[in-house]
Amino acid sequence: MTIRTPSTSQTQQTILDLERTQSRLAQNQTRISTGNRLTSPGEDPAASASILELGSSIQANTQYLKQADTAMGYLSSSEDIVSASISDVERLQELATQALGTTNTAATRSAEAYEVDSLRTHLLGLANTQVQGKYIFAGTQTLGTAAHPLPFEDAAPPAGPINYWGNSGSIDLAVTATTKVSTNIPGNTVFFGAGGQGSSSDVFQAVTDLRDGLNTNNVALITSASANLQTSLNSLIKSQTDLGGRQAGLLNLKDTLSSFNVTLQGMQSNQQDTDYAKSITEYSNDQIAQTATLNVLGRTNKTNLFDYLA
Amino acid sequence: MPGLTSGLNIALSGLQAQQAALNVVGQNIANVNTPGYTRQRADLTSNQSQVEGQVYYGTGVSLTDIQGIRDKYLDLQIYRESAKLAGANERDSGVAGISTTVGDTSSTGVAAQIQAFFQGFQDLAGQPENDALRTNVIGKAQTMITGLQSRYSLLDDQRNSADQAVGSLVTEVNTITSQIAQLNQQVMTEVSPGSNNDARDQRKALTDKLAGLVGINVVEGSKGEYQITLDTGAAVLVSGNSSYQLQTSPGGAALDNHLRVNAVMGSTTVDVTTGIKDGQLGGKLDLRDNILVGFQRQLDQLAAGVARQVNQLHRTGYAADGVTTGNDFFQSGVANGATGLPTSVTATTFYKGMVNALTVNAAIVANPSLIAAAGVAGAKGDNSQAAAIAGVETSTSTVDTNGDGIPDSGPFDTVVGSLVSDIGTQSQTYSTQGTTQQNLVSALQTQRDSISGVDLNEEAANMMNLQRGYQASARFLSVINQLTDQLVNQFGK
């Protein structure tokens, strides 16, 4: 059976096909020029949603990395201060040991008291350290209060005692969706130790006692201060270990987050990025089809009986 | 036995018939590019014989009919499918128009902006004492609000432009249906069935056009008249020689102040706004009243989720002074209700209007230190509330998607993900539907053309045949003439 192919229907189908080729060409051109496989969500709705969610996970991880860096900043500053305090306490112990030597006199002891007092001031300064405008050993009372602008204050300088006006609040930052890390260590924990203010682990009490013992040539007081210095040194080392441990944990976490992000980015790129080989091949194929169609269209008009009639 | 005069008559009938048939060829050739034209065929019939004794003598030829070669069932099918094609194309272009903006998956998309807002709180949690970070949170919130609102208003614009098209499409439909009714009249009163080819062709071209405008069902009656109803059967547009008008009237709040479409059938007026599925009109109405509204609803729900979660946490936190509490982060004008949402926005209406009502509390904009980053009173360095608000982003049950007032979704990015995938899926569906329907209509049209279209080769061959027939008849006439001459003038000389 022959099918009638009237003159107009030949061209109509060809025009429709040309239009489709043209739109595919435009689509591949956009893919190639933008580097995005998807020119609109309609091309692959599932992939679009997953690109979005992957993108959001990557962004979230990037933010967690940033948070981890912030936390590291505070933790390492705190650790620096704690280790400086440890050096001070070690020097104080040396001085105490020296002062307990039998050759010492009241005069030599009171001479040592000057250095001890300056170390006491230095320790107080360390305890009141500010990072980015906030006191790092004040719990959440980071800006102080109107009555007590500093976290550690000498109640009646220079006699003491040194009071703590911060709190024991913890400043936590989220470093994953479920994990939080505390970015601070309250000042009373660091400098007063487990026993609290005035106890054997209160470093300020120990250093004040040492100074007073030296000034008054009170060997018993110097002896007990020396023992207390050891207790507070242990407490400071404990804090240092704590801070170091948290940083090590964060470093691990940062590694994990970074490598997780690389994986996620790979997955997103698979869905999102233009497969250049494929797009370029399709583009050339369509171009060939278009040229061929136009050629044929040009010729169909020439195959007509009217051309052969005299 | 017939005489020479009879031969002259036969020759004459031959000449006349060939010439008339040539005219039909001419008409076909002239209309080769006329849309809706149906090729015509001249039906030549030999005349009644003359009987003499046992012998039947032929008396020539006459043209008895000019017939349009058509398949009416194919026509009816094409109307139906063209309407679906127009509907799918309309929906496809409507959704495609908003898909790249509303469904933006890049860093400028809604999801990224919401995330940036919550990360602003996360940054603030890192340093709640920092005023710059407080201002940053407000900036991020405003960017997010602008992002949501610009997309919402893009959807509004699309709906309004669809609405404007509804009015002009209705006018066009009315013009065409009244013309079809007039042509129906001509077809019904034609001399012999199927003889008024031109009226039928014009009617076909108009009905093709009508099907593009509005979804229709066409049935051909016993007298050849078209009976046209809307595709859902909600109203009659053309019946016999009368047409029924569509009209528009203000739709009020139920249609968001867009136009309602009514069918006026005599004294009764029927609301057919939901009774038109396809054609441009059906597509526009669907976009205006269903598809785009659906996307707007998802944006409203999303905005309500953000506002509710943030406000509920924010109002229990403490500002930078360590004392002020009970403030909402998002608040426009009057105070919010217990849920943390404006009292004008309710779950039963799927939080309609929430996107437009989303505003950062003016007091907070004026004084960023009012942002409640602290969870306990009097501790300026406490960041627990900022951290908790930042944590909302990844928590589940943030958005109420079913209108029962209880958040039931996954995290925000999942909600936006499902909006994007919804837009994508619809766009894909309509685009596939458009292509499929286009293929179907093309196939049907090719079929119709193969029956009804003009083939120039065929016409050229017919023309040659008829030309030869005419020439032969003329030659025959000349022979009879010579014979008559022989008889009248030469005989007996």
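The model is predicted.

Start with the overall form of chain B. It holds 11 helices and 11 strands. Along the principal axes, its C-alpha atoms fill a box of roughly 145 × 45 × 35 Å. The radius of gyration is 38 Å, whereas a compact globule of 493 residues would have one near 23 Å. Of the 493 residues in chain B, 46% count as buried. Take the contacts in chain B between residues at least 6 apart in sequence: 71% of them join residues at least 24 apart.

Now turn to the contact between the chains. Chain B gives 49 residues and chain A gives 45 residues. On the chain B side, the elements that supply two or more residues are α2 (72-102), α3 (110-126), α9 (384-392), α10 (412-452) and α11 (456-490). The most comes from α10(B), with 17 residues. By class, this side of chain B has 15 nonpolar, 28 polar and 6 charged residues.

Next, look inside. The largest nonpolar core has 155 residues. Its largest share, 18 residues, comes from helix α2 (residues 45-99) of chain A. Domain 2 (74-86 + 167-282) and domain 3 (96-156 + 288-427) of chain B each give this core at least three residues. Which members touch the most others? They are B:I216, B:A303 and B:V416. Leaving out residues up to four places away in sequence, B:V416 touches A:L52, B:V110, B:A111, B:I114 and B:L302. Another core, of 8 residues, lies apart from the largest one; B:A21, B:V25, B:A42 and B:V61 are among its members.

Conventions: Residues numbered from 1 in each chain as written. Chains lettered and ligands numbered in written order. Predicted model: local features only at pLDDT ≥ 70, side-chain atom pairs only at ≥ 80, totals over all residues. Contact = placed C-beta atoms within 7 Å. Helix = DSSP H or I, 4+ residues; strand = E, 2+ residues; numbered from the N terminus. Nonpolar A, V, L, I, M, F, W, Y, C, P; charged D, E, K, R; others polar. Core = buried A, V, L, I, M, F, W, Y, C linked by C-beta atoms within 7 Å. Buried ≥ 20, exposed ≤ 12 C-beta atoms within 10 Å, placed from the backbone. Domains from an automatic or database assignment. Rg over C-alpha atoms; globule rule 2.2 N^0.38 Å.
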